[in-house]
Amino acid sequence: MSTILKQDYRNEYHFSPKEKWMNDPNGMVFFNGEYHLFYQHHPHGTTWGPMHWGHAVSRDLTSWEELPIALLPDENGTIFSGSAVVDWNNTTGFFEGEPGLVAIFTHHLEVKNQDAIQTQSLAYSKDNGRTWTKYEGNPVLKHESFVDFRDPKVFWHEQTKEWVMIIACGQTVCLYRSPNLKDWTLGSEFGAGIGSHDGVWECPDLFPLAVDGDSGQEKWVMLVSIGADPAFIEGSRTQYFTGDFDGTTFVPDEASQTIRWIDYGRDNYAGVSWSDVPEEDGRRLIIGWMSNWMYANQTPTNDYRGAMTIARELTLETRAGEVILIQRPARELEQARTPVLSLQDASIQQVSEQLNALQLVNYEIHAEWAQDQTFHFALRSGADHETVVGVDSIRSEVYVDRSRSGIGNFHELFLSRHTAKLKEVNGNQSLRIFVDHSSVEVFANDGQAVITDLIYPDADCQGISAHAENTDLVFSSLHIYEISSTKAKG
């Protein structure tokens, strides 16, 4: 027990609040050189409770400054999930002379002896998000029949010169449009007969991405998270659809008839993208809550509970004839690296010898190889614990096995093995593995398959080793970097 208290599993380069509960990322917007990360926060407990919006900012997506709570409950209810935008043209009338930030969020009001009421409201900031004023006309959007009516994600649609809201409505999403963020008109509803309905639909997002960079083709990507249902062992997860959007209606393509997940681990939920990333940057950046509603309230941390994934860059690329969503670690993480080991054309024996001498906790492994091989890395290993990340060439799978990763008795399904199908990239294969005090994130074959999992090993489990079925495995390159948010900030 003393080991647990000493380390508390707080990650080095993943954001967590200084104390108390955190879940979904909210209000993600870039403004005046800062990435804003708001989040669902219960400031009076370490389990889910009355929701506020916590707030943190970063200039590098790796080191975060936690700020005072941004939005507190009021007469309209607690503050559920939502989004934030820059009102560049003062469509709201909230600003004079220079643009400001507008948050669009769900008010959740508990009512005795009936279903809770969920409505959508606004708040605005004239000082870079440091203080917020709630709109006196709140709420700005209600629905008479949806019990679940929440998590608005809003963006400016340039073609129609209107704001668009995508919002979760139980087992569907609805799309609204508005000239001013105050007056909303229903455009369409999406979700019947398509996608996974294993849980309530939550935290949607909708955005365009170019296909294969500069091919001239564009598709719209819709993200929909689904809450945990005891009938399904995966718990809460996030799916995606691709198709066309005209400002009113989303039309899915044929590929969307197959259920597709953005992550095949258990601990990446409610991810949404940053608004207003500058056009000259051009990236679609996303972050998710690194937990699962199956066991989120029971994870073995002290004084706080909840962490975010690393920030990721999203693209649409053609792989094996299919246009799929690709995730890569945000390039800013490279500034947080300190080189530890660099090998070229190294045999499995050479790699094993080098790794056996290392003891690390927060780091990245970047391995590349050319031929089909079955092998694995044992990470955060010690006398009794290890987390295994490997490739099975027979099944064409990448996997994370956390069945011996450490503490897991807080939920019967935690100690488990998770897999994702692999597609080759021009005959080459790769793994980028990000390890921290209580997490492993795996990006296989240049972001084609992703697995994110929490782990809870003893503090002294710092070993690394490599193992292969065949001794002829050669890594064309293998790099290991220690990662520190302090280095990124410096």
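Reader: How many disulfides does the count come to here?

Author: The count comes to 0 disulfides, and please keep in mind that this is a predicted model.

Reader: Is Cys-169 buried or exposed? And what about Cys-461, buried or exposed?

Author: Cys-169 is buried, with a relative accessible area of 3%, and Cys-461 is buried as well, with a value of 2%.

Reader: Switching to helix 2, which of its residues are buried?

Author: In helix 2, which spans residues 348-355, the buried residues are Ile-348, Val-351, Ser-352 and Leu-355. They cover an arc of only 100 degrees around the axis, so they sit on the same side of helix 2.

Reader: OK, and what covers the buried residues of helix 2?

Author: The covering elements include strand 22 (337-347) and strand 24 (375-381), together with strand 31 (463-468) and strand 32 (474-483).

Reader: Now the largest nonpolar core: which residues touch the most other members?

Author: That core has 36 residues, and within it Phe-377, Leu-431, Ile-433 and Phe-475 are those that touch the most other members. Its largest share, 4 residues, is supplied by strand 23, which covers residues 363-369.

Reader: What does Ile-433 touch, not counting residues up to four places away in sequence?

Author: With those sequence neighbours left out, Ile-433 touches Tyr-363, Glu-364 and Ile-365, then Phe-377, Leu-379 and Val-389, and finally Val-440, Glu-441 and Val-442.

Reader: Which residues does the second, separate core include?

Author: The second core is separate and consists of 26 residues, among them Trp-21, Phe-80, Tyr-269 and Ile-287.

Reader: One more topic, strand 7: how many of its residues are buried?

Author: Strand 7, residues 117-125, is mostly covered, since 8 of its 9 residues are buried.

Reader: And how does strand 7 pair with strand 6?

Author: Strand 6 (residues 100-109) pairs with strand 7 in the antiparallel sense, over 9 bridges, and in this pairing Leu-109 stands opposite Ile-117 of strand 7.

Reader: How many bridges join strand 7 to strand 8?

Author: Strand 7 and strand 8 (residues 133-134) run antiparallel and are joined by 2 bridges, with Ala-123 standing opposite Lys-134 in strand 8.

Technical notes
Residues numbered from 1 in each chain as written. Predicted model: local features only at pLDDT ≥ 70, side-chain atom pairs only at ≥ 80, totals over all residues. Heavy atoms only, no water. Core = buried A, V, L, I, M, F, W, Y, C linked by side-chain atoms within 4.5 Å. Buried < 20%, exposed > 50% of the residue type's maximum accessible area, 1.4 Å probe, protein only. Contact = heavy atoms within 4.5 Å. Pairing = 2+ DSSP bridges. Disulfide = S-S within 2.5 Å. Arc of directions from axis to C-beta.
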